[in-house]
Amino acid sequence: MGAVVTMTFKKAKVTKHTQFRNGMEIHDCNSASDSRLLTIDNVNGRNEFFTIQLVGGGAAGSDQKGGAAGETKIVHYPTMSGQYFIKLGAGGQRGTNINGGTTAIYKVTDTGAYELMEFALGGVGSNERIFTEDIPSGKTAADLARGEVPNFDEADTGGAIRCGSGGDAGNNGIMGGVVIKW
């Protein structure tokens with residue numbers, strides 16, 4: 001006699017697409033202060049990828065030449081949860097030849113200590129003068145009098161105004177900024 005084997009198969013479960021909660025935190029030169037304590041909850045208890053965009057403070061312009069923009073940096077973290085302290089780099093002050101300040105993010109530990117997480121350096125100032133022979137072909141002295149602008153475009157910052165720009169000739173640099181997106 002032959003045996004009849006009965007096999008049962010479970011129907012495969014259909015995986016539901018989870019809607020991730022998108023968000024953005026902006027702390028930049030348009031903010032009321034140069035520092036901020038920020039709390040980020042792990043979104044819905046899940047690990048999310050976070051994109052952090054930082055720019056240091058812009059350097060002041062010399063009497064004739066625009067200042068350098070702050071360093072721009074984009075980093076990615078697989079998860080962020082807890083408290084973070086954001087310190088924006090100050091813009092360089094005209095007449096003092098001071099560089100733009102460093103923008104930094106610190107993780108606040110359970111003991112209340114601040115651990116440096118990421119930073120972007122400020123732009124470098126100078127007292128450089130412009131001589132006719134130093135002007136590149138196709139440029140004018142007025143072109144060189146404009147401060148440099150950071151590498152982020154409007155899409156990178158979600159439409160936020162660019163911060164960390166170097167000051168135009170004779171002007172202060174602009175404070176840095178931080179944008180965190182998930």
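How many bridges join E5 to E6? Five bridges connect E5 with E6, and the two strands run antiparallel. The structure is a predicted model, in which local features need pLDDT of at least 70 and side-chain atom pairs count only at pLDDT 80 or more, whereas totals for chains, interfaces and linings use all residues. Residues are numbered from 1 along each chain as its sequence is written, and side-chain values use heavy atoms, with hydrogens and water left out.

The chain contains one helix and eight strands. Helices (H or I, at least four residues) and strands (E, at least two) are taken as DSSP runs and numbered from the N terminus. Read from the N terminus, the order of elements is β-β-β-β-β-β-β-α-β. Of the 182 residues in the chain, 37% are buried; the term buried denotes under 20% relative accessible area, exposed denotes over 50%, and partly exposed lies in between (1.4 Å probe, protein chains only). The accessible surface of the chain amounts to about 11,200 Å², and carbon and sulfur atoms contribute 52% of this area. Among contacts in the chain with a separation of 6 or more, 69% involve residues 24 or more positions apart; a contact requires heavy atoms within 4.5 Å.

The pairing of strands is considered next. Two strands pair if DSSP finds at least two bridges between them. An open sheet is formed by four strands in the order E1-E8-E3-E4, with antiparallel pairing. E1 and strand E4 (72–77) stand at the edges with a single partner strand each, so one side of each lacks a neighbour in the sheet. From one strand to the next, the twist averages 10 degrees; axes are lines fitted to C-alpha atoms, for helices over the stretch in contact, and angles run from 0 to 180 degrees between N-to-C directions. Within this sheet, strand E3 (residues 50–55) and strand E8 (residues 177–181) are paired in the antiparallel sense over five bridges, and Gln 53 is placed opposite Val 179 in E8. In a regular strand the side chains alternate between the two faces of the sheet.

E2 and E5 are antiparallel partners over six bridges, with Leu 37 having Phe 85 in E5 as its bridge partner. Thr 103 has Ala 120 in E7 as its bridge partner. The hairpin of E6 and E7 has five residues between the strands, and Gly 112 there adopts a positive phi near 90 degrees.

His 27 belongs to strand E1 (residues 24–27). With a relative accessible area of 4%, His 27 is buried. Its side chain makes a polar contact of 3.3 Å with the side chain of Ser 31, a polar contact being a pair of N or O atoms within 3.5 Å; within protein, one must be able to donate a hydrogen and the other to accept it, and residues adjacent in sequence count only if both atoms are side-chain atoms. The side chain of His 27 also reaches the backbone oxygen of Ser 33 at 3.5 Å. When residues up to four places away in sequence are not counted, His 27 touches several residues, including Asp 34, Arg 36, Ile 86, Leu 88 and Val 178.

Three salt bridges were counted, each defined as a side-chain nitrogen of Lys or Arg within 4 Å of a carboxyl oxygen of Asp or Glu. Arg 36 and Glu 25 form one of them through their side chains (3.0 Å, N to O). This pair links distant parts of the chain, with Arg 36 in strand E2 (residues 35–40) and Glu 25 in strand E1, eleven residues apart. Arg 36 is partly exposed at 28% relative accessible area, and Glu 25 is partly exposed at 22%. A salt bridge also joins Lys 87 to Asp 34, with the closest N and O atoms 2.6 Å apart. Lys 87 lies in strand E5 (residues 82–87) and Asp 34 in the loop between E1 and E2, so this pair ties together parts that are 53 residues apart in sequence. Lys 87 has a relative accessible area of 30% and is partly exposed; Asp 34 is likewise partly exposed, at 30%. The side chains of Arg 146 and Asp 143 also meet in a salt bridge (2.8 Å, N to O), and Asp 143 is partly exposed, with 25% relative accessibility.

Terms used. Accessible areas come from the Shrake-Rupley method with a 1.4 Å probe; for residues, only the protein chains shown count as cover.
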